[in-house]
Amino acid sequence: MRKFSIIHNLSKLSMDRNVRILAGFAVLIISLSLLYKFIPPANSLLTWRDYPCYDDTGYPKHSVILINGKKYDLPIFKNPNLPVHLCPKNLNTFNETIVVNSASADYEWEIVLPDSSIVFYWEFPKQKNVSRHYDIKREYLIKKEILLKRKEKVIGAKPCVLVYNINLTEPKDTVLHFYYYNISQYKKPEAERHANYHLQIELKFKDGKVKV
């Protein structure tokens, strides 16, 4: 009887130890999952859904652009000391260049820009010598249904981004031109429009190896 009791106690201790080990593993897995969720790897690429927003409003920050999953700053919106006036009366165009260094030549490029202004709009004019074709999608960072539940007006400024998918004509050093227009320019012929802001994205490839 005593022998049975000893075996029973040893079995119970073994089971308790196994339970503690399993519980420890479960806590470790949960901790690693949370860590990965809130602190993503440094080399992870961003999608339009990851676009930085103002607090929890869902409205995209104007000072950010995503280029093939990497975040870059737009100094014109980031630096309040720049002598720039984005208004129809300002006849000067502010030019800005972002240099993107790529390890290999890539045909496909995705550019994500904020689209929450009711006064300005972005335009990527056709550049036959640069891109074979491209498409644009307007994506909501917050669903319309949620906006309506919040009793916010869906008309006017919207929590949206513009997603440009551009296919280059050739995988070589290229400059992509984006223009930021006041809506007062919308009905004018393209040749007569005045852009308040001209964004140039200079793609520089380190080698000629084509990335398919």
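# A guided tour of the predicted model

Helices (H or I, at least four residues) and strands (E, at least two) are DSSP runs, numbered from the N terminus. Read along the sequence, these elements follow the pattern α-β-β-α-β-β-β-β-β-α-β-β-β-β. This is a predicted model, in which local features need pLDDT of at least 70 and side-chain atom pairs count only at pLDDT 80 or more, while totals for chains, interfaces and linings use all residues. Residues are numbered from 1 along each chain as its sequence is written, and side-chain values use heavy atoms, with hydrogens and water left out.

**The whole chain**

Colour the chain by accessibility. Of the 212 residues, 32% are buried; buried means under 20% relative accessible area, exposed over 50%, and partly exposed in between (1.4 Å probe, protein chains only). The chain exposes about 14500 Å², and carbon and sulfur atoms supply 58% of that area (Shrake-Rupley method with a 1.4 Å probe; for residues, only the protein chains shown count as cover). Among contacts with a separation of 6 or more, 73% join residues 24 or more positions apart; contact means heavy atoms within 4.5 Å.

**The cores**

Next select Ile65, Ile111, Leu176, Phe178, Leu199 and Ile201, the residues with the most contacts inside the largest nonpolar core, which has 27 residues. A nonpolar core is a set of buried Ala, Val, Leu, Ile, Met, Phe, Trp, Tyr and Cys residues joined through side-chain atoms within 4.5 Å. Strands that each supply at least two residues of this core include S1 (64-67), S3 (94-102), S5 (108-114) and S10 (195-205). The largest share, five residues, comes from S10. A second, separate core of seven residues includes Trp48, Val64, Leu66 and Val161.

Now centre on Leu176. Gln127 lies in the loop between S6 and strand S7 (131-140) and is buried, with a relative accessible area of 10%. Leaving out residues up to four places away in sequence, Gln127 touches Val175, Leu176 and His177.

**The aromatic rings**

Show the rings of Phe, Tyr and Trp. A search of the whole structure finds 15 aromatic pairs. Rings (for Trp, the six-membered one) pair if their centres lie within 6.5 Å; planes under 30 degrees apart count as stacked, over 60 as edge-to-face and the rest as tilted. Tyr164 and Phe178 form an edge-to-face pair, 5.1 Å centre to centre with 80° between the planes. Tyr164 lies in strand S8 (residues 160-168) and Phe178 in strand S9 (residues 174-182), so the pair ties together parts that are 14 residues apart in sequence. Tyr164 is buried at 1% relative accessible area, and Phe178 is buried at 0%.

Then select Phe77, Phe94, Phe120, Trp122, Tyr180 and Tyr197, which ring pairs link into a cluster. Move on to Arg193: its charged end sits over the ring of Tyr181, 5.9 Å from the centre (CZ of Arg or NZ of Lys within 6 Å of the ring centre and within 35 degrees of the ring normal).

**Last stops**

Where is Asp173? Asp173 is in the loop between S8 and S9, and is partly exposed at 46% relative accessible area. Leaving aside neighbours within four places in sequence, Asp173 is in contact with Leu203, Lys204 and Phe205.

Finally, select the cysteines Cys53 and Cys160. Cys53 is partly exposed at 23% relative accessibility, whereas Cys160 is buried at 0%. The structure holds zero disulfides, a disulfide being a pair of cysteine sulfur atoms within 2.5 Å.
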